[in-house]
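Reader: I have a model open and want to learn how to read it. Where do we start?

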Amino acid sequence: MFKSQLISALFILLFTLSHVYGNFDYLQLVLTWPPSFCFRPKNICKRTSNNFTIHGLWPENKHFRLEFCTGKTYKRYDEKDRMVNDLDKDHHWIQLKFDENHAKEKQPLWDHEYTRHGICCKNLYNQNAYFILAMRLKDKLDLLSTLRTHGITPGTEHTFNETRDAIKKVTNQVDPDLKCVEHIKGTPELKEIGICFTPNADSFYPCRHSKTCDETGSTKILFR
């Protein structure tokens, strides 16, 4: 009994320390498809994009996601800072729910994502490096063109396997994480795609599936 209690205590300690020090197995670059995100009534988008945009870059372990680690909070960028202009491009990290002036001044999404996730990988990436890395990884992946090449275009429906296999063409056959929602009952649609990388971001890493899509292979998923 004592042995089992000791093992449990060690597990809790390791779990706690991982949130303090940000030890993680991989990074998940989460890319949002704006037509699906903005279709939700509560997501009143002030801006939109016809390309995938960055939701966040999330450090994760094999069984859980690191969030709200200890460390310095987000330091807001000056509106004239080059970082703001780079992030605000519609194919990078546009803040869909906010008008351009408010987004650039207050930076609510960037603040939220760095505070919730970015701090957890500060042992490798400071704030500037975190945002630059996310944009660099996004620029390596032209998912919209890849999907189009495989006949997956806005307004069409395809199975989980068809969509996943198309994306794997640019991830060296490494599994992505497809994230689905049902805005209309009975019609699952692709909302986000997660692409995972090793901590140093030098190669792809198999993503843990969020299991929000029907992976049986028969259900059609709408690409809005």
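Author: Start with one pair. Arg208 and Glu60 join their side chains in a salt bridge, at 3.1 Å from N to O. The model is predicted: local features need pLDDT of at least 70, side-chain atom pairs count only at pLDDT 80 or more, and totals for chains, interfaces and linings use all residues. Residues are numbered from 1 along each chain as its sequence is written, and side-chain values use heavy atoms, with hydrogens and water left out.

Reader: What counts as a salt bridge?

Author: Side chains of opposite charge can pair when their charged atoms come close. The rule here asks for a side-chain nitrogen of Lys or Arg within 4 Å of a carboxyl oxygen of Asp or Glu. By that rule the count is twelve salt bridges. Arg208 sits in the loop between E5 and E6 and Glu60 in strand E2, so the pair ties together parts 148 residues apart in sequence. Strands (E, at least two residues) and helices (H or I, at least four) are DSSP runs, numbered from the N terminus.

Reader: How is the chain divided?

Author: Into domain 1 (34-140) and domain 2 (142-223). The bounds come from an automatic or database domain assignment. Their centres, taken over C-alpha atoms, are 21 Å apart.

Reader: How many residues of domain 1 and domain 2 are in contact?

Author: Contact means heavy atoms within 4.5 Å. By that test, 20 residues of domain 1 touch 19 of domain 2. Buried area is the accessible area (1.4 Å probe) that two parts lose on being put together, summed over both. Between these domains it is about 1600 Å², with 57% from carbon and sulfur atoms. One salt bridge is counted between domain 1 and domain 2.

Reader: What is the volume of the largest pocket?

Author: A 1 Å grid is laid over the protein atoms alone; a pocket is an open set of points with protein on both sides within 12 Å along at least five of seven lines, a cavity is a set where a 1.4 Å probe fits but cannot get out, and lining residues have an atom within 4 Å of a point. Points join across faces, edges and corners, and volume is the space filled by probe spheres set on them. The largest pocket has about 540 Å³. Of its 28 lining residues, Phe37, His55, Glu113, Lys191 and Glu192 are the closest to its centre.
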